[in-house]
Amino acid sequence: MSTLLQAENLEVHFPIKKGVFSRTVGYVYAVDGVDFHLNKGETLGIVGESGCGKTTAGMAVMGLTPATGGRIMFADRDLAAMRRYELKKLRSSMQLIFQDPYSSLNPRMTVNQIIADPMDVHGVYLGRERKDRLAFLLETVGLTPEQGRRYPHEFSGGQRQRIGIARALALDPSIIIGDEPVSALDVSIQAQIINLLLRLKREFDLSLMVISHDLAVVEYLCDRIIVMYVGKIIEEAKYADLYKTPLHPYTQALLSAAPVSDPLREKNRILLHGDVPSPINPPTGCRFHTRCPKRMDICDKVEPEFTEMGEGHRVACHLYTAESGV
Amino acid sequence: MEGAEPTTPMGVPLYRRRWRRFYQHRRGYYSLILFTFLFTLSLFAECISNDKPFLLRHDGKYYFPILFSYPETDFGGDFATEADYLDPYMHELLDSPGDFMLFPPNRYSYDTINMGIEGPVPAPPSGANFLGTDDRGRDVLARLIYGFRLSVLFGLSLTFIGTTVGIIAGAIQGYVGGRTDLFAQRFIEIWSSMPELYLLIIFSSIFSPSLLLLLILLSLFSWMGLSDYVRAEFFKGRNLEYVTAARALGVNNLTIMRRHLLPNAMTPVITFLPFRMSAAILALTSLDFLGLGVPPSTPSLGELLAQGKANIDAWWLSLSSFVVLVGMLILLIFIGEALRDVFDPRRK
């Protein structure tokens, strides 16, 4: 499997400005040194609670939020070193699906105009090809070509999300980044959209990156999962490994909080106390030490390094570092 | 739910639904029709009220004085200056059989002085001057027609310039935001606190008054109210996901502003148009009334009102200009009301 997209030590820090002269008084460490990669044909999930930096990481990869540090490589080329026209070309191979199917479609454009917009921008599928392409895309996402003449407000949330997906597919991208692609939808519609994404991934040979707080969604979609907490990755594992043997105490707590469909099954809830620390002033050492049920003396002093725990499974926790003897 | 057929009224594009709603607003609709009709009519003021005939026949030859200027000598007169077709002398010249002059309905232009008035000016309405004359013997009806046209044209251009500048300023402020917005907003605060009227008085005493100068001076101030609304709309719009989507596609900023943000920011712009226009007309009229407006002899409603005030017993001056001015403003306000209702999101 070849690596398509790689982020090395990615940092996004937002300056906090105060006063008349806009002095920078501090930073929001939204994404603070994150490494991950996306292989061709796989689905990578990024999970974490709100404010952990998962969306910012996705936006930085797309170039919509400038990264303040680190590198993003696309097909072994550094995005920062690319020229404008190269970046524009790159845009066509990376596309976004948005969370809110209501605000992500311009209410004044017809569906055809919305889907054709990317083709106009990049000057592809011109003339007679356009009509066929639009019909093909609409049919691919489960709409009819006739519906292309309508306006977004005439569609339900699920249909709108399909329109958003058709727009993302318009330029034959190789990567699609879904930022909470189904969280705004009804649970019954969520399943349809997830199945659609899985089918499109096969048909179009796509690599997906799914950002979500919903473990059930990630479970269905993803091959590999990254868990983020306050701007850092704390655990990364293949889907099966993570669900079977979560290592980091935070991941364990997160998984124990996911609803189970069987009401009679005994739940072993791990309750965390306190709030998520602010990314403006992240805790020293391990960022989770303020809430960790298995806290040790070392945790608030030394930041844990990643420990490899089996194939592709790494965790940043002192419970598993060499010194603690595991 | 998925694939459900949308109902028909929702299938109609927004602008057509709005047009239908405007049409249903009878008062506004008829005001628009009447205003457009009057304005179009006034654009042909030269054919309605003019001291030159459409057609003139002399010695078997046809002349078109409304289009071309002919010297008096062409008709057998003494001087090489342009013929005065209202002069009784012309009637004496055109004495050969078959000679005639075909005049517009009102035989005076805005600056024609009726030399045939017996008695003092301003002269009351008569068969020759339907609405009387002003204090210089010029026909009031002619001055009203031309004054109406000038007011509307002035209002249109001032509204157009102010709206364009307001949209551009507001769009840049709202889209760029940050420091640009901060400084622009402070500039607007300072600029809007300048005493407009004093500035106009000062400028009109330095420069010789002209319509262009007035237009420029009033434009300097007329854009500010609107830019705030456009700025707010752009602020709201720039973080919407479809704008992020457009940016993710690599659409450049100008196109995003034009295609994705501006159409959604047009509601305050369009709603304010008629009100802005009536404000612009009123501004011109008040400046004319104060004698700070258009140069002398230009047909103007404000100047006519001032004459009415100076000659309070010449009721035809104040009454006729008052009726025209109020009528014009009422039509614009009715149109504006209808537009406001059409664009009101709470009225479905």
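**Fold of chain A**

In this predicted model, chain A is made up of 9 helices and 12 strands. The radius of gyration of chain A is 21 Å, close to the 20 Å that the globule rule gives for 326 residues, so chain A is as compact as a globular protein of that length.

- The C-alpha trace of chain A spans about 70 × 60 × 45 Å along its principal axes.
- Buried residues account for 41% of the 326 residues of chain A.
- Of the contacts in chain A between residues at least 6 apart in sequence, 64% join residues at least 24 apart.

**Strand β8 of chain A**

- Strand β8(A), residues 207-212, is mostly covered, with 6 of its 6 residues buried.
- A:Ser207, A:Met209 and A:Ile211 point one way from β8(A), while A:Leu208, A:Val210 and A:Ser212 point the other way.
- β8(A) pairs with strand β3(A), residues 43-47, in the parallel sense over 5 bridges, and A:Leu208 in β8(A) stands opposite A:Thr43.
- Strand β7(A), residues 175-179, runs parallel to β8(A) and is joined to β8(A) by 5 bridges; A:Ile177 has A:Met209 as its bridge partner in β8(A).
- From β7(A) the chain passes through helix α6(A), residues 187-203, to β8(A), giving a right-handed β-α-β crossover.

**Contact between chains A and B**

- In chain B, 21 residues are in contact with 22 residues of chain A.
- On the side of chain B that touches chain A, α1 (8-11), α11 (241-248) and α12 (253-289) of chain B each supply at least two residues.
- α11(B) gives the most to that side, with 7 residues.
- The residues of that side of chain B comprise 13 nonpolar, 5 polar and 3 charged.

Key:
Residues are numbered from 1 along each chain as its sequence is written. Chains are lettered from A and ligands numbered from 1 in the order in which they are written. This is a predicted model: local features need pLDDT of at least 70, side-chain atom pairs count only at pLDDT 80 or more; totals for chains, interfaces and linings use all residues. Two residues are in contact if their C-beta atoms, placed from the backbone, lie within 7 Å. Helices (H or I, at least four residues) and strands (E, at least two) are DSSP runs, numbered from the N terminus. Ala, Val, Leu, Ile, Met, Phe, Trp, Tyr, Cys and Pro count as nonpolar, Asp, Glu, Lys and Arg as charged, and the others, Gly among them, as polar. The radius of gyration is taken over C-alpha atoms; the globule rule is 2.2 Å times the number of residues to the power 0.38. A residue is buried if 20 or more other C-beta atoms lie within 10 Å of its own, exposed if 12 or fewer, and partly exposed in between; C-beta atoms are placed from the backbone. Two strands pair if DSSP finds at least two bridges between them. A crossover is right-handed if, with the strands pointing away from the viewer, the path from the first strand over the helix to the second runs clockwise.
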